[in-house]
Amino acid sequence: MTGPHVRQLTTLLGAALDITVDAHPNAADQVERAMLDEASRLEGIFNRLDPTSEFSVWRTGCGHENPSADLARVLGAAERFWAFSSGAFHPGAGRLADRWR
């Protein structure tokens, strides 16, 4: 077996994505492809900077009333963190910060 298969990628959801897979080169390529496919799928759901993402469409109120299971799970977690922190965490604070700038 050779050393880890490392690849630096462009940004995803506004952050750099580095993938390191410690496997045989053939398996590493398959694992990397699966990871990139999943990251791309999640970006299509959660990317707040992409007006076509599920989150962006949901936020404007122009999307489906029932979000996907992935989006619903994250929205539910955000609501629980908001309640647990007595409002110190607020999922809408990003928009306020954006307007402040």
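Which residue's side chain meets that of Asp-70 in a salt bridge at 2.8 Å, N to O? Arg-73 is that partner, its side chain meeting the side chain of Asp-70 at 2.8 Å, N to O, where a salt bridge is a side-chain nitrogen of Lys or Arg within 4 Å of a carboxyl oxygen of Asp or Glu.

## Basis of the model

The model is predicted, so that local features need pLDDT of at least 70 and side-chain atom pairs count only at pLDDT 80 or more, whereas totals for chains, interfaces and linings use all residues. Residues are numbered from 1 along each chain as its sequence is written, and side-chain values use heavy atoms, with hydrogens and water left out.

## Overall architecture

The chain has four helices and two strands, and along the sequence these follow the pattern β-β-α-α-α-α; helices (H or I, at least four residues) and strands (E, at least two) are DSSP runs, numbered from the N terminus. Of the 101 residues in the chain, 17% are buried, with buried meaning under 20% relative accessible area, exposed over 50%, and partly exposed in between (1.4 Å probe, protein chains only). The accessible surface of the chain comes to about 7700 Å², of which 58% belongs to carbon and sulfur atoms, as computed by the Shrake-Rupley method with a 1.4 Å probe, only the protein chains shown counting as cover for residues.

The 22 residues of H1 should span 32 Å at 1.5 Å a residue, and the end C-alpha atoms of H1 are 31 Å apart, which agrees; the expected span is 1.5 Å times one less than the number of residues. Within H1, Ala-28, Glu-32, Leu-36, Ala-39 and Ile-45 are buried.

The largest nonpolar core has five residues, namely Ile-19, Val-21, Ala-23, Ala-28 and Leu-36, a core being a set of buried Ala, Val, Leu, Ile, Met, Phe, Trp, Tyr and Cys residues joined through side-chain atoms within 4.5 Å. Strand S2 (15-21) and helix H1 (25-46) are the elements that give two or more residues to this core.

## Salt bridges

Four salt bridges are found in a search of the whole structure. Asp-70 is buried, with a relative accessible area of 18%, whereas Arg-41 counts as partly exposed at 37%.

The bridge between Arg-73 and Asp-70 is set within helix H3, where the two are three residues apart and therefore separated by about one helical turn. Salt bridges that share partners join Glu-38, Arg-41, Asp-70 and Arg-73 into one network. A further bridge pairs Asp-37 with Arg-33, the closest N and O atoms being 3.0 Å apart, and both of these residues lie in helix H1, four residues apart.

Asn-47 has its place in the loop between H1 and helix H2 (54-60), and counts as buried because its relative accessibility is 13%. Not counting residues up to four places away in sequence, Asn-47 touches Leu-13, Ser-53 and Ser-56, contact meaning heavy atoms within 4.5 Å.

Phe-81, Trp-82 and Phe-89 form a nonpolar patch on the surface, with about 320 Å² of accessible area together; patches are made of residues with over 30% relative accessible area and no salt bridge, like charges being joined within 9 Å and nonpolar side chains (Val, Leu, Ile, Met, Phe, Trp, Tyr) within 5 Å. Phe-89 lies in the loop between helix H3 (69-84) and helix H4 (93-100).
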